[in-house]
Amino acid sequence: MSPRRSRRRKLPLEPIEVNVESLSHEGRGVARIDGKVAFVEGALAGETVLAKYVQSRSQFDVLSAEQILLSSDARVASDCSVSEICGGCSLRHMHPDQQLEMKQEMLLDLLQHSTGLTSSDFELLPKLAADTSHYRRKARLAVRYVQKKGGALVGFREKHSSFITVMDDCRVLVSEVSTLINTLKNLISGLSSAADIPQIEVAAGETEPDPGAPLEIALIFRHLKPLTPADQNALIQFASEHQIHCYLQPGGLDSVHRVYPDGGRERLGYFLPDQQVQYAFHPMDFTQINGPINRQIVSRVVELMAVQPGERVLDLFCGLGNFTLPLAKQGAQVVGVEGSQAMVERGYENADLNGLKGLEFYCKDLFKPLENAEWAQQRYEKVLLDPPRSGAIEIIQQMRRFSPKRIVYVSCNPATLARDSAELLAQGYQLKSAGVMDMFPHTAHVESMAVFEQQHN
C-alpha cells in the first residue's frame, strides 16, 4: 500500500442527518457539517436528509443522500430504477421545471460575478425546453463482460465508480436505443470476443422532418482485438434484424468503418423544418444530442441574428454548418470557421445538399492567433460563436479586427460564457439579452445564449 493511500482518511460508516442550505452549480445540495462545506448528492435546497459519506477532502466533503426526512416541493419520484447509482443522470429527483430554473439562476449568478450585471440590466430570454425523456441521440455506452453478473453489461458507469450500472433500459437514450440494451447484452455475451469490446458509440439520425418519425440508429463497436468471422457475422446479423447501421472500430477514429448495410454513403441525417434545411453527417461527427432543442435554438439564433440580405456574417466554431446554412438561407454572405478539416468538408457537403451557393468554410485553430488568414482580414456585420466548453476567449480578444455590430454567443458552459462576456464588455459591447436552454435534462449541464451589441460612441 502506498504512503498516500495509507494516509487517506477513513470515512464514517453511519449516515448522518444533514440540513441542506442551497444547491451548487453541479446541482448538489450544499450544507455545512461542523463548519466544513459538504456537497450532498441527491439532496435539494431546504431538505433534511440522512446522508452517507462518499469522499472527504481537506476543503470539503461529499455525501450521498440515503433517506429524505424533510422533502422540498421541487422533489419528484424518479421514473428510473437505477437513477440513484447511475452516472448518466444527476437530477432525476428534481422536477424538470425546477431544473431549468436552477440552470437559469446559475447563469445569472456567473454573469453577475464576472460582469457585475444583474438580470435587470438585460433582457432575460424565455427558457427553451422540450420532452425530457428519451431525448439523447448521441452517447458512449460502456461495455464489460462480467461472468458474476451473468454476462455482458452495457450502459453508463456508476457514480464515483468505474463499474457499469446494471440496467435493462434507459430513460434518457432515445427509445430506439433504450429498447436495444438487453438485446445488446445478450448479443455481446454470446461473442467469443466479449471481453475485448469496451464501448459502443451511439448515434441517431432523423429519417424525415416530422418530429414523430422513427429515428435511424448507428452503433459503433470498439474492439481491442480482431473479431473472428463468426463474431463479425453475429454483429451483422443483429444489425440486419434490427435495421440499424453497424460500424466497427479496431483502432483510432480513422479505423471506424461500416459493415452493415453494405454499400451507400456512411451518413445519418437531421432536419431543420423551419429553415427548410437538411443535414447529412457521419455517426462519429459532432452533432447536438437533443434534436427538438436544437431546432428551437437554431430558430432563436436566426431570430436574434436578424441578418439582412447581403450582410456579411462570421460563424465561428461552425461545425458541419448547424447555424451557417440557416443564416445563409436568410440571404447573408456567411463564412464558417472550424478547427476540423473533416467538418469543413461536411459543411460544403451540406451546402451542396441544400443547393446553397456562395458559402465559405475555412479550417483554423481558433485558440491561436489568426495572423494573416484571408477570411480574418474582412469586416463582418454580425458574428456567431458556438465554442466548446473551454469558451472563446482567444478569438474574442481578437474581435476588434472584425468590428461586428452584433454578436450572438451560444454556450455549453456558463462559466466560460460569463468570463468571455466580461471581455466583450471591456471592448465596448453591451449585453442585450441572455437565457438558457434545456439541452441535457436531468443533468447539471447548462446550455445558454447571450446577445451583445456594439455601443455607439
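**Cysteines**

In this predicted model, Cys86 is buried, with a relative accessible area of 7%. Cys246 is likewise buried, at a relative accessible area of 1%.

The closest cysteine sulfur to that of Cys86 belongs to Cys80, at 6.4 Å, which is too far for a bond. A disulfide requires the two sulfur atoms to lie within 2.5 Å, and by this rule the count of disulfides is zero.

**Six-stranded sheet**

Six strands form an open sheet with mixed pairing, in the order S1-S5-S6-S4-S3-S2. Strand S1 (16-19) and strand S2 (22-23) stand at the edges; each has a single partner strand, so one side of each is left without a neighbour in the sheet.

Within this order, strand S4 (residues 36-41) and strand S6 (residues 60-70) run parallel and are joined by five bridges. On S6, Phe60 is the bridge partner of Val37.

**Helix H6**

Helix H6 (residues 291-305) has 15 residues, which at 1.5 Å a residue should span 21 Å; the C-alpha atoms at its ends are 21 Å apart, in agreement with that expectation. The helix is mostly covered, with 11 of its 15 residues buried. Among them are the residues Ile293, Ile297, Val298, Val301, Val302, Leu304 and Met305, and also Asn294, Arg295 and Arg300.

Both ends of the helix have local features of note. At the start of H6, a side-chain oxygen of Asn290 comes to within 3.3 Å of the backbone nitrogen of Ile293. Just after H6, Ala306 adopts a positive phi of about 45 degrees.

Note on methods: Residues are numbered from 1 along each chain as its sequence is written. This is a predicted model: local features need pLDDT of at least 70, side-chain atom pairs count only at pLDDT 80 or more; totals for chains, interfaces and linings use all residues. Side-chain values use heavy atoms; hydrogens and water are left out. Buried means under 20% relative accessible area, exposed over 50%, partly exposed in between (1.4 Å probe, protein chains only). Two strands pair if DSSP finds at least two bridges between them. Helices (H or I, at least four residues) and strands (E, at least two) are DSSP runs, numbered from the N terminus. The expected span of a helix is 1.5 Å times one less than its number of residues. A polar contact is a pair of N or O atoms within 3.5 Å; within protein, one must be able to donate a hydrogen and the other to accept it, and residues adjacent in sequence count only if both atoms are side-chain atoms.
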